[in-house]
Amino acid sequence: MKQLIKSREAILTAAIVVLLGLIATRFPAFVTPGNLAAVFNDTSPLIILAIGQMIVILTKCIDLSVAATLALTGMVCAMINVAAPGVPVFVIVAVAIGMGMALGAFNGVLTWKLGIPPIVVTLGTMTIYRGIIFLISDGKWVNSHEMTPAFKALPRVAFLGLPALSWLAIAIILIAFVAMTRTTLGRAFFAVGGNPHAAVYTGINVGRTQFWAFVASGGLAGLTGYLWVSRYAVAYVDIALGFELDVVAACVIGGIAISGGIGSVGGAVLGAIFLGVIKNALPVVNISPFWQMAISGSAIIIAIAVNTRAGRSKGRVILKKTEAEA
Amino acid sequence: MTSTDRFIPDRLTSPLQKRLKSWETLLLAVAIAIFIANSLASPYFLNAWNLSDATFNFTEKAMIAFAMALLIIAGEIDLSVASIIALASTAMGAAAQFDVSTLTLVLIGLSVGLACGAFNAVLVTMMGLPSIVVTIGTMSLFRGISYIVLGDQAYRGYPGAFSYFGQGYVFWVISFEFVLFAVLAVIYGVVLHKTNFGRAVYAIGNNATGALFSGIRVDRVKFILFLLTGLMSGIAAVCLTSRLGSTRPSIGLGMELEVVTMVVLGGVNILGGSGSIPGVVIAAFVMGLVTFGLGLLNVPGIVMSIFIGALLIGVIALPRLWSMLRK
């Protein structure tokens, strides 16, 4: 199985390299290190969210409320900044992560304690969270001139040539990698998705593990909420509207099985980068950005077709053989 | 994991007491309560024309919800319905620029819907891909094509007769859309509850492998269900386009969530295997009455969506909470 995942990541890396190569033949400026760093920076929010979503999908759940969580925490951060400009930025970041975790915990409790299917829970909380933004902001925008310079500066602080946003994404990739491969909880995420019944017998509480997956996804979405609002220096009701689909798309392209149990941090990151390269390349190669949606849709379908063919479940094969013999 | 709380979806003649405790009865009570609350809260509510207007809040969504209910009962889902509306509407809009007849326009809308449904069906039933991911993909793809065609433009200039489907009235305050909704409700109710095909849908949702071994052509049934969902989205596209009189690529954005909410609210098990069309019909009225009542009270649309979201979670959570507390 490990071999398979590795090869899947290799295929995706090759696809990204080929894509970059194709663009480079006509627009060499796109593949300069400076521009690639800019593309990575632009893709950082998607990478962070895709890692959170990956953890949730691994446990056989799905979190459709990530974009709404992001938008709600982003708006709260902006409003705190406007109401109390003296609050230091690290407190705001802590609030963003904490609030995101709380919103994720709400999803998690409904899934864990009440056994409501996660797709229903997060479909509901997606609209609820988005609606709450309107209630607290009264539909008004928080604009750049209302935010303090310190609030807006954090994602842009350059360190070793890369902005802090990129460094945060890299840090989260590393933390997630260690957490998923070297900790009990990380292995539990895989176990719960791979075989929930076996997981119970090995002493893993399935519901609680799913709960923590939602908390992790919420926390990352909350952090991204602050980063998003401070980077674009604006907060309004519809920020990141529909972004949850890009996040799920990044996971699917990255080879995370929607049925749970199969996936890797590397896959999610590569899936996000693949989408990020396409998004940034479209204006360069002079294709209307209106193509973006159809292209990511096609990418999802192709990715899922390739992945499912590679990892087709054995039960199915046995069934078909029996059928053929009979 | 969840097999224990799944009741057997037989609609055998049940005792009155059991029927009174059913989901549909509870939902009907909720609908009546909302109706009474609305008429107390706003003096403009109890007016034939206002109530007729209120039906437009749910008729198009409900048409899709009927087909979606069958699909969800069979254990699949289609999240691309709103995007099919966008693509079908774009196709009709493009055709309308060439002065084609109203009948041709409708046929184009329906065939685009069918074609999109067939595309989903091929991916799910022939290639064996999970429907939730496939339709998240086609959701981007179909609407993406609309964006490629239209960009930030809009199609207008539909023929005059075309406006009948979304704006016409059959009799007094009874709109064409409402009649269509009622007719489709009866057809779907009969198909699901009174035919072999309907039995097959339940069987597949409860145990697809078992259904296969009892001689049900599982993939063919699922194929037809995806086609039906596509066709219903095509019909909804005709109605919606006709009612709005223009097409933008963002038409019906997010409608898939409201359709799924309506189906789940109607008592259909999101994991498949049980549910009924009367439940979905009542759920359509509940959602329509809630949004219309709140509209009369000047509640903005986005705040209504909080109610819809809370309704979706609440109707599933409350019975479970109640049974947990009783233990």
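In which loop of chain B does B:Asn298 lie? B:Asn298 sits in the loop between helix H14 (277-296) and H15 of chain B. The model in which this residue is placed is a predicted one. Phi of B:Asn298 is positive, near 65°, and the residue is not a glycine. As background, most residues other than glycine have a negative phi. B:Asn298 counts as exposed because 7 C-beta neighbours fall inside 10 Å, and the cut-off for that class is 12 or fewer.

A residue of chain A can be set beside it. A:Lys60 also has a positive phi, near 70°, and is not a glycine. A:Lys60 belongs to the loop between helix H2 (33-58) and helix H3 (66-83) of chain A.

Chain A contains 14 helices and two strands. Its C-alpha atoms occupy a box of roughly 75 × 55 × 35 Å along the principal axes. The radius of gyration of chain A is 20 Å, which agrees with the value near 20 Å for a compact globule of 326 residues. Of these 326 residues, 50% count as buried. Among contacts in chain A between residues at least 6 apart in sequence, those joining residues at least 24 apart make up 79%.

Chain B contains 15 helices and two strands. With a radius of gyration of 20 Å, close to the 20 Å given by the globule rule for 327 residues, chain B is as compact as a globular protein of that length. The box filled by the C-alpha atoms of chain B is roughly 65 × 55 × 35 Å, again along the principal axes. In chain B, 50% of the 327 residues count as buried. Of the chain B contacts with a separation of 6 or more, 79% are between residues 24 or more positions apart.

One residue in chain A gives an example of contacts across the sequence. A:Met126 is part of helix H5 (residues 118-137) of chain A. A:Met126 counts as buried because it has 23 C-beta neighbours inside 10 Å. Leaving aside residues up to four places away in sequence, A:Met126 touches A:Leu64, A:Ser65 and A:Ala68. A:Ala68 is 58 residues from A:Met126 in sequence, yet the two C-alpha atoms are 5.5 Å apart.

After H12(B) comes B:Gly245, with a positive phi near 75°. The loop between H12 and H13 of chain B also holds B:Thr247. B:Thr247 is buried, because 28 other C-beta atoms lie within 10 Å. Which residues does B:Thr247 touch, not counting residues up to four places away in sequence? They are B:Ser89, B:Thr90, B:Gly93, B:Ala154, B:Tyr155 and B:Thr241. B:Ser89 and B:Thr247 are 158 residues apart in sequence, while their C-alpha atoms are 6.2 Å apart in space.

Helix H13 of chain B has its own packing partner. Two packed helices are described by the angle between their axes and the distance between the axes. Helix H5 (residues 81-96) of chain B packs against H13(B) at an angle of about 135°, and their axes are 7 Å apart. H5(B) and H13(B) are therefore oblique to each other, as an angle over 145 degrees would be needed to count as roughly antiparallel. From H5(B), B:Val81, B:Ala82 and B:Ile85 meet B:Met255, B:Glu256 and B:Val259 of H13(B). By class, this contact has five nonpolar residues, no polar and one charged.

The last topic is the contact between the chains. Chain A gives 39 residues to the contact and chain B gives 42. On the chain B side, helix H7 (131-150), helix H13 (255-265) and helix H15 (301-326) each supply at least two residues. H7(B) makes the largest share of that side, with 14 residues. By class, the chain B side has 30 nonpolar, ten polar and two charged residues.

Note on methods: Residues numbered from 1 in each chain as written. Chains lettered and ligands numbered in written order. Predicted model: local features only at pLDDT ≥ 70, side-chain atom pairs only at ≥ 80, totals over all residues. Contact = placed C-beta atoms within 7 Å. Helix = DSSP H or I, 4+ residues; strand = E, 2+ residues; numbered from the N terminus. Nonpolar A, V, L, I, M, F, W, Y, C, P; charged D, E, K, R; others polar. Buried ≥ 20, exposed ≤ 12 C-beta atoms within 10 Å, placed from the backbone. Rg over C-alpha atoms; globule rule 2.2 N^0.38 Å. Axes fitted to C-alpha atoms, helices over the stretch in contact; angles between N-to-C directions. Parallel < 35°, antiparallel > 145°, perpendicular 65-115°, else oblique.
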